[in-house]
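Please view the sequence and the model shown here before reading on.

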Amino acid sequence: MENVHLINLSSYNRPVVVEDKKKEYVAYGEDNNYYQYLIDNFINSTTNNASINGISQLIYGKGVDALDSSTKTEEYAALKSIFNNECLRKICLDLKLLGEASFQVIYQNNKVVKAEHFPRQTLRPEKMIDGNIRAYYYSPDWANMKKSDKPDRIAAFGFGNQTEPEIKIVKRYVSGYDYICPVDYAGSLAYAELESEISDYLINDVQCGFSGTKVVNFNNGVPERDKQLQVKNDVMNKLTGSMGEKVIIAFNNNAESKTTIDDVPLNYAPAHYEYLSNEAAKKIMVGHRVTSPLLLGIRDDNNGLGNNADEIRTASLLFQNTTIRPYQDLIVDCMDSILAVNDISLKLYFVTLQPLEFIDTENAVTKEAKEEETGVKLAAVPTDVANALIDLGEDEDLENWDLVDERKVDYDQEETLDKMIGLASTGSARPNSKSEQDKDIGDLRFKVRYQYAPLRSDSESRDFCVKMAAAGKIYRKEDIISMENKVVNAGWGANGANTYSIWFYKGGGSCRHFWMRKTYMAKGVNPDAKNPRAEVSVNEAKAEGLKPVKNDSKVAKRTRDQVNRGFLQPKNFKTPRSKGV
């Protein structure tokens, strides 16, 4: 029976951690080569390969970004210097394929200068001391390491002297596995191996199978070996060409002992192998928690590209939240730990590959919340700043105040007006005043506010202008000026800066809005019948004859009416109205 061979599927899919008293490190697998078993199943199993590749690509998405990148520019630059995209792609693949991934953290002057990918399969953990893994041992080829070879010891992150490289491991917590975390698809490894064996068997059957269709018998004795080969070659040359059918040549002592051919048939062989292949593929995808094969570019008979958009959207949301996001959180937490050495704190997230329409943002109110929920880097639109400014504003419906003057702040004309309400342009306001431009004159109280004008927008208007016009509120000068330290339209500042003065330039270059100054006088100030100033007309108020408030002329001008339409350099505007104002 030595010529009969059976295919036995390996029972090696259960990882074993082995401690050897003679060694300082812990072996992974009975032959310390379990990682290679995982890699082999990744290479040889079609479905397993597609699942791991697809999931690792979704984990990486479009790389790592930060919600507060615009406000913490130096820290964000340090992030990009320490972690590069190629490194993070490898980390995502290792984490999915091997169950763990590793950074090599490099120091200079006790600060982290680089965090590079380190192949996880080349590392073995040192035996624990007080429940801590203090180091990892490195060998490029553990399977072929000789007894005389000594692996290199590398300190674990936080257990070195911050001068030599350290190893930071990214891994999940699995109860009972303190040294090395098993892969999350461990339950499907037997099916990945089955799929690989089926593939190898079918290929071998096609290439090397017993497939002769003609038998030529020579029944006049069995000649010497050399003579047999000569006869065989003569027959093949005459009966077949280079693409001819296969022929079996047999030499027999007589006709009664001629060669016979016996088959060992497998009934319904095509259906049998199709069932095994489909079953293996389904179990592998279950092991990887794939909610729909289409998410990974895998299409089966039950998944078309027709009217199943809602199903795909639901599957995408579920897959993102149950499979992809947990991996991303593991990597982000690890990166946070590394950055903390340099006192860097950023709100990191992965930019997703998922279509934005597949992501539920209904409960995400702010731009930051939407970025964190979607994993999509949103443009630094002024919506949040508009909200902040709107919160500082007052409703124009002022019950106890009369509007006594409303005009653009055009001081070329106002210099000629001798009879205007006089309001202080410098100094501090009275204790009961809210703005330095507010003024008490005798028994009269005045306050000056500004409104974003005109109170209209259209399809070409920028988000900031739409919100400001819709709010219709009035603002103190101080509140408007304070917004110049906030991002209004990223890149609209001088030389592409993210901040600029909305007091001067409103919604940005070529904006069609301006600030309207509105002057109010309090009603019923000191309502005493004996007081001759108890009631005052608007004309009496204007008759005070004080100098008008001084603001820069750019306040009242639309940005598009300023030099170069508010840009540093002249623009070639082909249309009479600039888009996006």
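Leu455 is partly exposed, with a relative accessible area of 45%; buried means under 20% relative accessible area, exposed over 50% and partly exposed in between, with a 1.4 Å probe and protein chains only. The residue belongs to the loop that connects strand S15 (444-453) with helix H12 (463-471). Helices (H or I, at least four residues) and strands (E, at least two) are DSSP runs, numbered from the N terminus. Leu455 and Ala470 are 15 residues apart in sequence, and their C-alpha atoms lie 6.8 Å apart in space. Beyond its neighbours within four places in sequence, Leu455 is in contact (heavy atoms within 4.5 Å) with Ala469 and Gly472.

Pro454 is found in the loop between S15 and H12 as well. The peptide bond that leads from Ala453 to Pro454 is cis, with omega near -5°. Within H12, the residues Phe464, Cys465, Met468 and Ala469 are buried. They cover an arc of only 120° around the axis, and therefore lie on the same side of H12; the arc is that of the directions from the helix axis to the C-beta atoms. Gly472, with a positive phi near 65°, follows H12.

## Basis of the model and overall make-up

The model is predicted: local features need pLDDT of at least 70, side-chain atom pairs count only at pLDDT 80 or more, and totals for chains, interfaces and linings use all residues. Residues are numbered from 1 along each chain as its sequence is written, and side-chain values use heavy atoms, with hydrogens and water left out.

The protein chain has 15 helices and 17 strands. Of its 581 residues, 42% are buried. Among contacts between residues at least 6 apart in sequence, 68% join residues at least 24 apart.

## The nonpolar cores

A nonpolar core is a set of buried Ala, Val, Leu, Ile, Met, Phe, Trp, Tyr and Cys residues joined through side-chain atoms within 4.5 Å. The largest one has 44 residues, of which Phe83, Phe103, Ile331, Met335, Ile338 and Leu348 touch the most other members. Elements that give two or more residues to this core include H2, helix H4 (85-98), strand S4 (100-108) and helix H8 (309-340). H8 gives the most, with 11 residues.

Leaving aside neighbours within four places in sequence, Ile338 is in contact with Phe83, Phe103, Val105, Val112, Ala115, Phe157 and Lys168. Another core, of 24 residues, lies apart from the largest one and has Val26, Tyr34, Phe42 and Leu189 among its members.

## The packing of H1 and H2

Helix H1 (residues 34-44) and helix H2 (residues 46-60) pack at an angle of about 100°, and their axes are 5 Å apart. The two helices are therefore roughly perpendicular to each other, a term for angles of 65 to 115 degrees, whereas angles under 35 count as roughly parallel, over 145 as roughly antiparallel and the rest as oblique. Axes are lines fitted to C-alpha atoms, for helices over the stretch in contact, and angles run from 0 to 180 degrees between N-to-C directions.

## Two exposed aspartates

Asp130 is not a glycine, yet its phi is positive, at about 55°. Asp130 counts as exposed at 69% relative accessibility. Asp343, in the loop between H8 and S12, also has a positive phi, of about 60°, and counts as exposed at 62% relative accessibility.
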